[in-house]
Amino acid sequence: MISALRLSALLLALLTLAGLAQAEEIASGSTFLSPEMRRQQDDPNRNPAWFWVDQGEGLFARKPASGEACLGCHADPVASLRGAATRYPQVEEASGKLLNLEGRIEQCRTERQHAPAFGYESAELLSLTAYVASLSRGLPMSVRADGPARPFYEAGKAFFERRQGQLNLSCQQCHDGLVGQKLRGDTISHGAGTGYPAYRLEWNTVGSLHRRLRACSLGVRATQFDYGSPEYLALELYLADRAKGLPVETPALRR
Amino acid sequence: MFNARITVPPQAKAGEIVEIKVLVRHPMDRGGQSDGQGGTVPRKILNRMTATYAGAEIFRIDMNTGVAANPFVSFTTRAIETGDILFEWREDGGATYRRTARLSVA
């Protein structure tokens, strides 16, 4: 009798532990898709986001009016840029600024190619970002949150945990506390940005992670920060660190 | 910016029913939004897609504003002979786009 009680207590403790371990594990956004949408995402002939990747591949090889094409320096991108996207956002040593993949591509374009910037959320920048990120498909996210990136990471973490907006909600309350539950018609995810730039059905097009974050800010009626703003960059770094080890899925399909 | 991804089976037997999948990049703009100058943006969608194979039209779809951007269409046909399937899209304003896909029949 006593041993049976002990056994059940032990089992209960083990189950609780397993539950806790599961709660701390971050799942990719694809986990929360319906099976049909996941099939559509994984089939390049049905996932429209691949059009943007194709366009990016074309832009990568095209010479701008001034300077070299991307391909001039990054020869054989399939090998040389494999894994590049897993390390962004990262701090640029020279300027001490935090750059995400979009920021890095724009910087390359203005400083090395001496061409006018595309502009955040332009079809061209989205395409190039999607193409470069797609070269890291399947590789685990491995951003650095230590050293010079530490203050940015801390800022992103603070942003994630801070209550904000008229609804007085923090990101954490939903994306840690209510994961798997329903919000309107959708399932709440962990907020892993590993599939972005992604094709969202709501947008009918490909958009950046910052566009998604702006939609989140609007949802809790908080300040929407600009594309590429320091607030969202820091948050992007924190989210990327949270998603460490998850494979890059760009170009993903999201609801 | 129009583009299309067409999937046909790599090889088909004569008489076999094959599935053809077509994904198109098009914003399918239903129009009606303000153009900022007192007018409205006109509708600009792909309003018809046809597929021609072995001298006959094998598929046609008329699309309207309820069709989402970047539409996906799949249909079946009977493989008769090795040849090109010609796809044609008609856009509001009169533009047409064409793509071909080769179906090899053994």
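Modeller: Let me begin with a definition: helices (H or I, at least four residues) and strands (E, at least two) are DSSP runs, numbered from the N terminus. A:Ala123 is found in one such run, helix H7 (residues 123–134) of chain A. This is a predicted model, in which local features need pLDDT of at least 70 and side-chain atom pairs count only at pLDDT 80 or more, while totals for chains, interfaces and linings use all residues. Residues are numbered from 1 along each chain as its sequence is written, and chains are lettered from A and ligands numbered from 1 in the order in which they are written.

Colleague: Why does A:Ala123 count as partly exposed?

Modeller: A residue is buried if 20 or more other C-beta atoms, placed from the backbone, lie within 10 Å of its own, exposed if 12 or fewer, and partly exposed in between. A:Ala123 has 16 C-beta neighbours inside 10 Å, and therefore counts as partly exposed. From A:Ala123 to A:Lys157 there are 34 residues in sequence and 30 Å in space, C-alpha to C-alpha.

Colleague: What confidence does the predictor give chain B?

Modeller: pLDDT is the predictor's confidence in each residue, from 0 to 100. Chain B averages 95, and 100% of its residues score at least 70. For the complex, the predictor gives an ipTM of 0.91 and a pTM of 0.89.

Colleague: How many residues of chain A and of chain B take part in their contact?

Modeller: Two residues are in contact if their C-beta atoms, placed from the backbone, lie within 7 Å. Seven residues of chain A and ten residues of chain B take part. The side of chain A that touches chain B has two nonpolar, three polar and two charged residues. In this division, Ala, Val, Leu, Ile, Met, Phe, Trp, Tyr, Cys and Pro count as nonpolar, Asp, Glu, Lys and Arg as charged, and the others, Gly among them, as polar.

Colleague: Which domains does the assignment give for chain A?

Modeller: Domain bounds come from an automatic or database domain assignment. For chain A it gives domain 1 (38–46 + 142–254) and domain 2 (50–134). Their C-alpha centres lie 21 Å apart, and the contact takes 21 residues from domain 1 and 22 residues from domain 2. On the domain 1 side, helix H11 (residues 230–242) of chain A gives the most, with five residues. The residues of that side divide into 14 nonpolar, four polar and three charged.

Colleague: How many bridges join S6(B) to strand S7 (residues 96–103) of chain B?

Modeller: Eight bridges join these antiparallel strands, and B:Leu86 stands opposite B:Thr100 in S7(B). Their hairpin has four residues between the strands, and there B:Gly93 takes a positive phi near 100°. Strand S6 (residues 83–91) of chain B is also joined to strand S3 (residues 46–53) of chain B, by seven bridges in an antiparallel run. The bridge partner of B:Ala51 in S6(B) is B:Phe87.

Conventions
Two strands pair if DSSP finds at least two bridges between them.
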